[in-house]
Each structure stands twice: as structure tokens, then as C-alpha cells.
Amino acid sequence: MLTILFLGDVVGESGRSAVIARLPELKKEYAVDFIIVNGENAAAGRGITPKITIDLLRAGVSVVTTGDHIWDRKEIVPFIETEPRLLRPLNYPAGAPGAGTVVLETPKGKVGVINVQGRTFMQPILENPFPMLDAAVNTMRAETSVIVVDAHGETTSEKIAIGRYLDGRVSAVLGTHTHVQTADEQIFENGTAFICDAGMCGPVRSILGREIEPIVGRFISNLPVAFPVAHGEARLRGVLVEVDESTGRAHCIRRLDEPGPRRDELPA
Ligand SMILES: [Fe+2]
């Protein structure tokens, strides 16, 4: 059995520090073989930098997935061409920098990861993900049947549709983007693990990782204001998926909601 740890959107410095500090312990505690983290909000809530990507990879992350904020930091454009473990959504038009898929070797065999972005209530509206997933999954299955899809999207319906569409062809379809962990984790009939949203790794006293007061004020006044990333106590949310590496079928999916590091575990 191959155990995959998948962590939802890492938000800002508090999310990053929490993931980096707790990853070695989580890896050991749950006997994790492969770690996927959605990092698109890791740089002050918008985008990801080359340095943050490298920090996450050094901390033990196998693949960093992203979504609609992938290009928010300009320096990521040349960097993504040099780092295959950083994915952008698969369904960009042909010619976009980087890739939406990667296959990596592990001691238990190859693991494939696909990053796709939904189109409902999302900007930019990318290509239709369904035919692009067909092509990517078909290509990848020639190499491995252990395949995890990060479905980055706003609506539960679109993410469930992607999960149902791929049931039996991939090991897991795991949602990101809404920052709120859903309680619908399950294994579909043909062996694909699913959850609508893995949740956020970031500050607890916040609105989706941002300071509460400006967001509430914006809803009241409708006036434009800055939305700084919140700080303070963080929690790590995600899922653990156990996959039979010989068939690619998921055997179990379990939600995680872990405390951030203790004060003495944080870097000075
Ligand atoms: Fe997003």
C-alpha cells in the first residue's frame, strides 16, 4: 500500500511555516510515501515564488500543485520551466509555460499527479477540463495506474463531476481552492478516492486565510480595500489516501485537521 498525504491550499507565511515545521512529523506518524501540497496562495496569499517552491520541496513535498493564482508572481514563469515538480493547471491553452502533469519514481513505483482547474465561477476560464483529462490520464496510465488529480475549482458540482468522470481511471480526485474542508470524503464505486475540498493550511482566525476585519468591512461597504493575509495559530488540513500500488485503486481516504507547530518548533 502506498500512502499519499495531500494538503490543501497553503496560505501565507503562517501556512508555510506550519507545513514546513510539521511535515517531517506527519510523514513519520502516518508512514507517508508521497506528499502533494497546493501552494498557489503560499506567497502572501497570492501566488508562489521559486524560493517558496524550493522550501516546500526541501521540507519533503513531492509535488506542488497550483491553480488560478499560479502566475501572480512574475518570476514563477521562467522558474516553472525548470522545475517539473511545480504544476500549473493542465487546461491552459497549448504553449503555456510549465506542465499540468508529472510522473515521479518512488520506492513503491511511479506516482502521477495531474493539476486541473474548474471553469465555473473561476477566472481565467480555461479550456474544457474533461477532454484534456481524458488525454492526460490515457497517456499517464501507460506509465502508472497510481494517479492523483488536484481539481482546483469553486463549485462542488464541477469537482464531483470530475471525480465521477474519472472514477476507476485514477486513484484520487482531490479538490482545492475554496479553503474550506468538506466532509464528503469517499471512495467511489470503481476505486477512486474523492473529496470536494481538502481545506486550507493557514491561519485559523481569518476569513479563508485573510484578516477578518477588512473582509467584513468590504461586504458591508462595497468599497475596495486591501485584504492582508492573517497571522497567528495555523492548522493543516488535507487528506491521507491509501492506494494499492499494483492496481491504482484507493483503499481509504481520511480527512486530516492537524494543529500547527508548537512555538518551540517554529524557526526563530
Ligand atoms: Fe485558487
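This is a predicted model: local features need pLDDT of at least 70, side-chain atom pairs count only at pLDDT 80 or more; totals for chains, interfaces and linings use all residues.

Guide: By class, the largest pocket is lined by 6 nonpolar, 6 polar and 6 charged residues. The space in that pocket comes to about 510 Å³. Of its 18 lining residues, His69, His179, Leu208, Arg210 and Ile215 are the closest to the centre.

Now for a helix. In α2, which covers residues 50–58, the buried residues are Pro50, Ile52, Thr53, Leu56 and Leu57. They sit on the same side of α2, because they cover an arc of only 165° around the axis. As a rule, an α-helix has 3.6 residues a turn, so residues three or four places apart point the same way. What do those buried residues of α2 pack against? Their partners are α1 (12–29), β3 (63–65) and α3 (76–80). On the face turned away from that buried side you'll find the exposed residues Lys51 and Arg58. Just after α2 comes Gly60, with a positive phi of about 120°.

One loop residue is worth a stop too. Thr144 is in the loop between α4 (129–141) and β6 (147–152). Thr144 counts as buried because its relative accessible area is 7%, and the cut-off is under 20%. Leaving aside residues up to four places away in sequence, Thr144 touches Val103, Lys110, Val111 and Gly112.

Methods
Residues are numbered from 1 along each chain as its sequence is written. Side-chain values use heavy atoms; hydrogens and water are left out. On a 1 Å grid over the protein atoms alone, a cavity is a set of points where a 1.4 Å probe fits but cannot get out, and a pocket is an open set with protein on both sides within 12 Å along at least five of seven lines; lining residues have an atom within 4 Å of a point. Grid points are joined across faces, edges and corners, and a volume is the space filled by probe spheres set on the points. Ala, Val, Leu, Ile, Met, Phe, Trp, Tyr, Cys and Pro count as nonpolar, Asp, Glu, Lys and Arg as charged, and the others, Gly among them, as polar. Helices (H or I, at least four residues) and strands (E, at least two) are DSSP runs, numbered from the N terminus. Buried means under 20% relative accessible area, exposed over 50%, partly exposed in between (1.4 Å probe, protein chains only). Contact means heavy atoms within 4.5 Å. The arc is that of the directions from the helix axis to the C-beta atoms.
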